Structure formats: structure tokens, C-alpha cells
Amino acid sequence: MQKKISQIYKTLIWNESVSLAVLDTTALINEAIRRHSLTPVAAAALGRTLTASAYLCSWLKNKAGSLSVTVDGGGAGGKIFVSGDGSLNIRGFIADPAVQLPPRADGKLDVGACVGKNGTLRVVQDDGRGIPFVGTSELVSGEIAEDFSAYFLTSEQRPTAIALGVKIGPDGTCVGAGGVFLQPLPNAGEECLRRVEEKISQYASLSSVIERWGAEEILREFGATLWDAREVRFRCHCSAKKTGGLVLALGRDEAERILAEEGEISVHCDFCNTDYKFNDEQVVKLFYKAEKERA
């Protein structure tokens with residue numbers, strides 16, 4: 001049975017010297033697959049990016065804060081775009097959701113070829129105060145986990161060990177997805193840093209671990225007994241009301257021209273793959289209401 005919700009679990013471990021976050025994003029990835037009709041390799045590439053972005057969003061101090069991630073590596077799948085907020089509403093898309101690639105020699109999905117590594121990872125964060133922080137780092141491998149580790153080190157000066165995984169079943173749905181993030185705190189010694197690297201290497205097949213045991217079992221493996229948990233959702237901010245505002249921004253003359261040529265005005269949201277269509281009657285009502293409110 002498919003999981004209904006995705007969650008992020010956060011705690012401190014090893015004498016409070018390391019921040020640990022474990023995410024189970026299986027449901028989040030399945031919603032992305034449903035909305036975008038993703039191939040397995042596209043689902044893995046976008047899914048890893050959604051998971052890492054959800055972790056970044058969990059650090060936003062204000063629920064009204066926002067974050068956007070752009071991965072541009074020149075790979076077969078094209079650019080990846082993800083947006084989220086402090087309430088852990090995440091949305092995203094990959095330029096070519098239908099990309100097909102042969103598996104790697106080890107049989108795994110070739111996420112690196114899908115994403116590419118000749119480009120950058122760009123993160124824009126706004127904690128709700130209107131002063132965005134922009135960080136950019138060069139891609140390392142296109143496998144996403146290593147790329148976000150490089151971002152944390154170069155742009156935020158926070159060494160972070162990361163494992164990410166997305167496992168796609170024979171029917172094209174996600175059976176296990178998530179991430180493990182280990183971030184040493186200033187009081188962490190050399191032995192602790194060595195332990196972090198050793199531990200993260202054990203999660204090369206993280207998605208299978210999440211499929212079989214779940215995120216809470218991973219937390220217990222690290223010796224955690226208490227943790228904070230928050231739900232992560234695939235949720236877009238678009239709506240008929242907002243897209244109606246875009247129609248109004250066209251102006252009456254341009255709107256009428258499009259209606260005459262196309263028979264309707266269509267507005268597409270790339271993030272959630274939703275189409276909003278406005279016919280002649282709806283457009284007339286939009287402008288009538290707007291003019292009445294201005295009067």
C-alpha cells in the first residue's frame with residue numbers, strides 16, 4: 001500500500017554534536033510522478049532534488065519564508081526547478097519529464113546523465129523579510145546528493161554529509177524515497193567528523209531501507225530516541241484566482257484578441273502541471289468585476 005504522507009524528522013545525536021535529519025518523501029515523489037507523468041529516471045532526478053529542497057525549507061525560520069532551487073547541469077533531462085516555503089509545501093518540475101536513459105553498469109538509474117554536471121546548483125532563500133540570500137555552487141556529479149553537499153560547504157560554510165535515494169517499482173510508482181542529512185555542529189571533534197563520513201557511506205541504498213523499514217528505524221540506528229517530525233506536502237500556490245489576475249494583466253484588448261484567435265485563454269503552471277482555461281463568458285466577468293472594484 002502506498003504511503004499517504006511524507007515527513008522530515010530532526011534531532012541531535014552523539015552528545016548533541018551532530019544535527020541529524022531523516023526524510024521519508026515517498027508520498028511526495030508519487031504525487032510528482034502523478035502530476036508530471038515522470039519516467040523512472042526523471043522521477044529519481046526530480047525526487048532527489050525535491051527531498052533536498054524540503055530539508056532546506058525546514059530551516060526557514062518563518063512559515064512565510066520561501067526557497068527556490070535550480071539545477072542546471074546540461075543533462076538529458078534538462079533543468080530542474082523546485083520551490084518551497086517554511087510550511088514545507090514543496091513543488092517542482094523537470095524540463096523533460098519523459099526523458100529515457102539506459103541504466104548504469106550497476107543497474108541503477110543514471111541520474112547523473114539525466115541531470116548532467118556541467119553547470120550549477122542555485123538556491124534563493126527568503127526568510128520572509130524580503131532580503132533574499134542567493135547561493136550558487138558548481139555541480140560535482142549530477143547525482144544531487146554530492147551536489148548539495150558541495151553547495152552547503154561552499155555557499156553556507158556548513159559541512160553536510162548527505163544520502164538521497166528514490167526507488168521506482170515495476171509499475172512506475174515510487175516505493176521508497178528519502179534522505180539522510182548529517183551536519184556536524186561547531187563542537188564536533190575530528191573523531192565525530194570521521195564517524196559522520198563512515199555512517200553516511202552505509203546508506204548507498206537508502207531508498208530500499210526506507211521502503212522496508214521506514215525513516216524512524218534509521219533514527220533509531222543513530223541512537224536517537226526523541227525527534228521532531230513535520231509533514232512535507234506537494235502543494236502549489238497557483239489557483240484560478242491568481243491566474244485570473246494574469247488574464248487581467250493582459251488588458252482587455254489583448255484578452256479579446258486571444259479569445260478571437262484561440263477560443264479561450266489558457267494559463268499553464270509548470271510546477272504542478274495544471275492548466276487553467278478561461279472562455280469568453282469568464283473573461284467578461286473577470287474584467288467586469290475588476291472594473292467594478294476600481295469604481
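Me: In this predicted model, which residue in β6 does leucine 67 stand opposite?
Reply: The model is a predicted one. Strand β3, residues 66-72, pairs with β6 in the antiparallel sense over seven bridges. Within β6, the residue opposite leucine 67 is glutamine 125.

Me: Which residue in β7 stands opposite arginine 122?
Reply: Strand β7 covers residues 133-138 and pairs with β6 in the antiparallel sense over six bridges. The two strands form a hairpin with six residues between them, and glycine 128 in the turn has a positive phi of about 100°. Opposite arginine 122 stands threonine 136.

Me: How many of the seven residues of strand β6 are buried?
Reply: Buried refers to a relative accessible area under 20%. Strand β6 spans residues 120-126 and is mostly covered. The number of its buried residues is five.

Me: Is glutamate 281 buried or exposed?
Reply: The side chain of glutamate 281 meets that of lysine 285 in a salt bridge, at 3.4 Å from N to O. Because they are four residues apart in helix α10, the two are separated by about one helical turn. A residue counts as exposed over 50% relative accessible area. With 51%, glutamate 281 is exposed.

How values were computed: Residues numbered from 1 in each chain as written. Predicted model: local features only at pLDDT ≥ 70, side-chain atom pairs only at ≥ 80, totals over all residues. Heavy atoms only, no water. Buried < 20%, exposed > 50% of the residue type's maximum accessible area, 1.4 Å probe, protein only. Pairing = 2+ DSSP bridges. Salt bridge = Lys/Arg side-chain N within 4 Å of Asp/Glu carboxyl O.
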